[in-house]
Amino acid sequence: MVPRPASRLRKRCTAMVRRLCLPDPFSVSALCDSIAAQRGRKLYLHPLDKPDGVVDMPCGMWVATDVADHVFFEQQTSTFHQEHIILHELGHMICGHTIASLGDGFDPAAVGSDDTGEIVRQALTRASYNTVQEREAELVATLIRERGRQINGLSESERRLGKALGFGE
Ligand SMILES: [Zn+2]
């Protein structure tokens, strides 16, 4: 039987997430550190206000330069959603999707300045992912969150067990 595309996608994403080395305890910022270490590149998170006049801007974006990765995420939303946006962008990174490379023209120092809207616009005109890539990134984000919850749940019950046995806090 030929597997349906959806289950093939899920299988591929599950395998990718399983290969990832996730931090324990899990948090999105710890994951960013760990991915930066695994890629041997710096990873910067940039909270971003949706620039005025930009209506169809996605909630997040990953920009790679020659030396570092930059993940932009909208901050005018819940922490949960912010983290999901970041995980989604990390998903693109982990899947090795074609990326918005701004090359030498990109100056991270300009982020947060008045030029931010322009930088985002420039990046967006250069890169857009296809539907499969979007679904892949979204699924990877969800799977990472699930595994993260398992890791933390485990540590939590281990801590409780330790406490019950008279160790730890
Ligand atoms: Zn995406």
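**The zinc site and the fold**

Analyst: The zinc ion has as its protein donors His88 (NE2), His92 (NE2), Glu134 (OE) and Glu134 (OE), at 2.0 to 2.8 Å from it. Donors are N, O and S atoms within 2.8 Å of the metal (3.2 Å for Na, K and Ca), and water is not among the atoms, so sites may look incomplete. This is a predicted model: local features need pLDDT of at least 70, side-chain atom pairs count only at pLDDT 80 or more, and totals for chains, interfaces and linings use all residues. Residues are numbered from 1 along each chain as its sequence is written, and side-chain values use heavy atoms, with hydrogens and water left out.

User: What is the spacing of those donors along the chain?
Analyst: The spacing is H-x3-H-x41-E. Histidine 88 lies in helix α3 (residues 79-95) and glutamate 134 in helix α5 (residues 131-164), so the pair ties together parts 46 residues apart in sequence. Helices (H or I, at least four residues) and strands (E, at least two) are DSSP runs, numbered from the N terminus.

User: Is histidine 88 buried or exposed?
Analyst: Histidine 88 is buried, at 12% relative accessible area, while glutamate 134 is partly exposed at 29%. Buried means under 20% relative accessible area, exposed over 50%, and partly exposed in between (1.4 Å probe, protein chains only).

User: Switching topic: how many helices and strands does the protein chain have?
Analyst: The protein chain has five helices and four strands. From the N terminus, they run α-α-β-β-β-α-β-α-α.

User: And which residues touch the most other members in the largest nonpolar core?
Analyst: Those are Leu31, Leu43, Leu90 and Ile144, in a core of 29 residues. A nonpolar core is a set of buried Ala, Val, Leu, Ile, Met, Phe, Trp, Tyr and Cys residues joined through side-chain atoms within 4.5 Å. The elements giving two or more residues to this core are α1 (5-19), α2 (28-39), β2 (60-64), β3 (68-74), α3 and α5.

User: Tell me about β2, then. Which of its residues are on each side?
Analyst: Gly60, Trp62 and Ala64 are on one side, with Met61 and Val63 on the other, and all are buried.

User: How many bridges join β2 to β3?
Analyst: Five bridges join the two strands, which run antiparallel. β2 and β3 form a hairpin, with three residues between them. Within this pairing, tryptophan 62 stands opposite valine 71 in β3.

Key. Two strands pair if DSSP finds at least two bridges between them.
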